[in-house]
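Here are some notes for a colleague who is opening this entry for the first time. Please keep the sequence and the model side by side while reading the numbered points.

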Amino acid sequence: MARGLRFLVLILSVASICDAATFNPISDSHRSAALELFTPTDGSLKSLEETFEALRTFEVLGIDKKSEIKGYTCPTVVDTLWSPSSALKDLFQALRVNGVLKCELNDEVFAGIASRLKDNVKDANSLLDLHYLIGSLKLIKGQTAEVDVHLEDADGIFRAIKALSQSDGRWRFSSNNPESSTYAAGIALETLAGVVALASHDIDQSLMDTLKQDILKLFDGIERYDDGSCYFDEKLVDAQGNWGPVSASSSIVRGLTSFATSTPESLNLPGDRILCLAKFFLGIGVPGNFKDLYHQIDALASLENNRISIPLILSLPSSVLSVTRKDQLKVRVNTVLGSAVPPLSVKLMQIFTSGSKDASIIDQELKFDPETKLHVLDALPENVDVGKYTFTFEILLHDPEHKKIYATGGRTKVSVYVTGVVNIDQAEIAILDSDLGNVETKKRLDLTGENTIALSANHLQKLRLTFQLTTPFGRAFKPHQAFLRLRHESGVEHIFLVRSSGKNFEITLDFLGLVEKFFYLSGRYDIQLTVGDSVMENSFLQPLGYLDLDLPDAPEKAARPPPQPVDSSSKYGPRAEITHIFRSPDKRPPTELSFAFLGLVLLPLGGFLIGLLLLRVNLRNFPSSTLPAFFAISFHIGIAAVLSLYVVFWLKLDLFTTLKALGILGISLMFTGHRTLSYLASTSAKLKSA
C-alpha cells in the first residue's frame, strides 16, 4: 500500500505538470525518430514515394544520407524515367527523388517525358492525374532549363481544376466522385501553383480572385484547440486509411505555401492562422510512424520559409521554477525549425493564478542574453508564490517591416509551475478522552525526520493529529494530497483524509464510532502520514510509529475483515529445496567372507592356467601371416576386453550400459573369431592333404 501511495503522489504530480501546453521547435528526438522509422528493408526503401519522404525528412533535419541512398535508388529512378510504360505516379515520384539525388540523366530523357506529359494533360479528368502531370512538369523545369515545359492553355487547365472545388473550400478528386476532401484541397492548391508557374502568360485575374475566396472559406472550417493550435480535419478516409488531421493539415500547408510562392499577390490570410497551424504540428511531439513524421517535418519546413507569414514560437526551456533555488524565468523565441529570429523583445504582461480569472498586471521586459539567445527575468514578481500560474508574454519586433513577414500571435499564454520547500510546523499527535476531550497523551512530531512514537488507546478514546503547512513566503498551503493511514498487523488498512483550515491541518479519529469500520480488530496499528503536491518539493510519506488499540469483542453478526491479497512473491517465488530420503542400505556380509568368496571365484582361473602349463601348450599354430595374425590378436584382445568389462560392471557400471558395450564387443569377437578359426581350419586341411 505504501508503494501504491507513492505511485499516486507521482502520478498526480506528473499529470498536473503535463497539463501545460508547450510548443518547442524541432529537436534531436525528431532526428533519432527519422533514423529509426526510415530504415531500409533488404537494402532499400519500399518505394520511390517512401524514398522521397525519407530524403525530404533527412534534408530538413540536417541528416546526411544522400550518398547512402543514392547508390541503390538511382538505378530505379533511371529505369522508371526511361520506361515509356511507367505510370504517372511513378514518374512523379521518380522526378521528386531525382530532384534531391541528382542522378545521371541527360536532357533527352527530360524532353521525352515532358512531351508525353503535355499530351496527357489535355485528356486528364481527375485531380490526382492533373497533380502528377503538372507536378512532374514543374519538377522538370527545376531540374533542367533546356526543356520547354510551359503550358499554352493554362487558363483552361486552371478552370478544369477549379471545377472540382466545393462551396466550403474543399475539393473533389474527380467529377464522378461527389465526396469532398480537405486533403484534396491541399493537392488542388499545389497543382494550381504549378499551373501558375508553368503558364506561358498570366492567369486570368478573375480566376485568381475566386481561388483566394475559396482559400478563405477553407480556413473558416478550421478546427481549434484550447491551447491555441488549430488543424484541418479530414472527413473522407481513403482505402489505406492514411488521411487524418496531420496529413490533411500538411497537405493544406504545402499547397498554400506553394501557391503563395507562385504568385506575387497577397492572400490576405491573418498571421495567427499560420501560427496556430505551426503550433499544431509542434504540439503533436514526435510521431510514431514515418508518414506522420514526414507530413509534420514537411509542413514545418514549408512554414519556415513562406511568403504569407513566418511563425515565431515562444517556448520556455523549463516551465518549472523553484523559489527555493531562486530560478530565473527564461524564454526562448525561434522559428519552427529552431532558426534564429530578427531583433525582438519579450515582455511579461500578466500573471494568472490557477483557478482564478484575476490577473496581476506586470508589463515587464525580459533581458536578452546574446550568448544563450534567451530572454531572462532575474527574479519572479513578489506576488508569485508556490503554485500553478499562467504567464502571458508578448513578442515585440524591433523593425516595423518585420511585422509583415513574421507572425507573433499577439499575447502567448504559458503554464508555469512554481515549486518550493513547504514549511511544516507544530506537528503533534495526541490521545484524547472521548467524553471531555482532555488530552491524555501528547507527543510532538518531526515530519521532516524520523518518528518512532508508541501510543495506546481504547474504543472510548480519540486520536488527534495536527500540523501546519506554509509556503516559503509564509502563506497557507493546501496540498493535493493529505492522508493518514492506519495498518493493522493482519494487513487490514484504513485511509483517512486530513482536512485543512487555512494553515492548520487536523484530523480526529473517534474510535467509538469506528469500531465497525475497524472490524473490532484489536492490536497494533502502524501510523503513516502522506502529504504530496506537484509544486511541493518536500512531499513525503512518513511513518509516525504505531498505536496499540484495544477494541471490544466483535458481535456474532459483525462484518469480518476482507481477505488480504496474497503476496505474489510468496505465491510465484522459488520453492523450498526438496530433500529426498532414500531407503537405508541392506546389511552386507563381513569383508573377510567377501574376499574368501572372491578367492573361490578366481580359483578355477588359476587351475586353468596351471593346466595349460602342465599340458605344455605351445603357440606353433598361431597364424604367422599378417592379416590372419591381426584377426587372431584382435580376437584375444576382444576376449580380454569382455573380461575387463565384467570387472568394471562389478565395480561401477549399471546393467544397461554394460549390455550396450557387450553387444559391440560381441559383434567384434564373432567377426574376428570366425576369421581366425577359418584360417586354422584351412591350414589344418592343407596339412592333411599334404
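In which loop is L45 found?

1. L45 is found in the loop between helix 2 (28-37) and helix 3, where helices (H or I, at least four residues) and strands (E, at least two) are DSSP runs numbered from the N terminus. This is a predicted model, in which local features need pLDDT of at least 70 and side-chain atom pairs count only at pLDDT 80 or more, while totals for chains, interfaces and linings use all residues. Residues are numbered from 1 along each chain as its sequence is written, and side-chain values use heavy atoms, with hydrogens and water left out.

2. L45 is buried, with a relative accessible area of 9%; buried here means under 20% relative accessible area, exposed means over 50%, and partly exposed lies in between, with a 1.4 Å probe and protein chains only. Leaving aside neighbours within four places in sequence, L45 is in contact (heavy atoms within 4.5 Å) with F38, T39, P40, E50, T51, A54 and Y72. The C-alpha atoms of L45 and I69 are separated by 8.7 Å, although these two residues are 24 residues apart along the chain.

3. Helix 3 (residues 48-61) also packs with helix 5 (residues 88-101): their axes come within 9 Å and cross at roughly 30°. Axes are lines fitted to C-alpha atoms, for helices over the stretch in contact, and angles run from 0 to 180 degrees between N-to-C directions. Helix 3 and helix 5 are therefore roughly parallel to each other, given that angles under 35 degrees count as roughly parallel, over 145 as roughly antiparallel, 65 to 115 as roughly perpendicular and the rest as oblique. The crossing of this pair is left-handed, a term used if the near helix is turned anticlockwise from the far one by less than a right angle, with right-handed used if clockwise. On the helix 3 side the residues that meet helix 5 are L48, E49, T51, F52 and L55, and their counterparts in helix 5 are K89, D90, Q93, A94, R96, V97, V100 and L101.

4. The chain is divided into domain 1 (106-302), domain 2 (313-419), domain 3 (423-555) and domain 4 (622-689), with bounds that come from an automatic or database domain assignment. Between the C-alpha centres of domain 1 and domain 3 there is a distance of 67 Å.

5. The largest nonpolar core has 102 residues, and those with the most contacts inside it are L81, L127, I140, F158, I161, W171 and I203; such a core is a set of buried Ala, Val, Leu, Ile, Met, Phe, Trp, Tyr and Cys residues joined through side-chain atoms within 4.5 Å. Its largest share, 11 residues, comes from helix 9 (residues 182-198). Domain 1 and domain 2 both give residues to this core, so it lies between them. A second, separate core has 72 residues, including Y417, L484, Y525 and L551.

6. I161, when residues up to four places away in sequence are not counted, touches L127, L130, W171, A188, T191, L192 and V195.

7. Helix 9 and helix 10 (residues 205-220) have axes that come within 12 Å and cross at roughly 155°, and the two are therefore roughly antiparallel. Their crossing is left-handed, and the contact is made by A185, L189, L192 and V196 of helix 9 with M208, L211, I215 and L218 of helix 10.

8. For helix 12 and helix 13 (residues 290-304), the axes come within 10 Å and cross at roughly 150°, so this pair is also roughly antiparallel. Helix 12 passes helix 13 in a left-handed crossing, with I274, L277, A278, F281 and L282 of helix 12 in contact with H295, Q296, A299, L300 and L303 of helix 13.

9. Two loop residues deserve a check of their backbone angles. N268, in the loop between helix 11 (245-262) and helix 12 (271-283), has a positive phi of about 60° although it is not a glycine, and at 59% relative accessibility N268 counts as exposed. Y520, in the loop between helix 14 (511-514) and strand 24 (523-532), likewise has a positive phi, near 55°, but Y520 is buried, with a relative accessible area of 16%.
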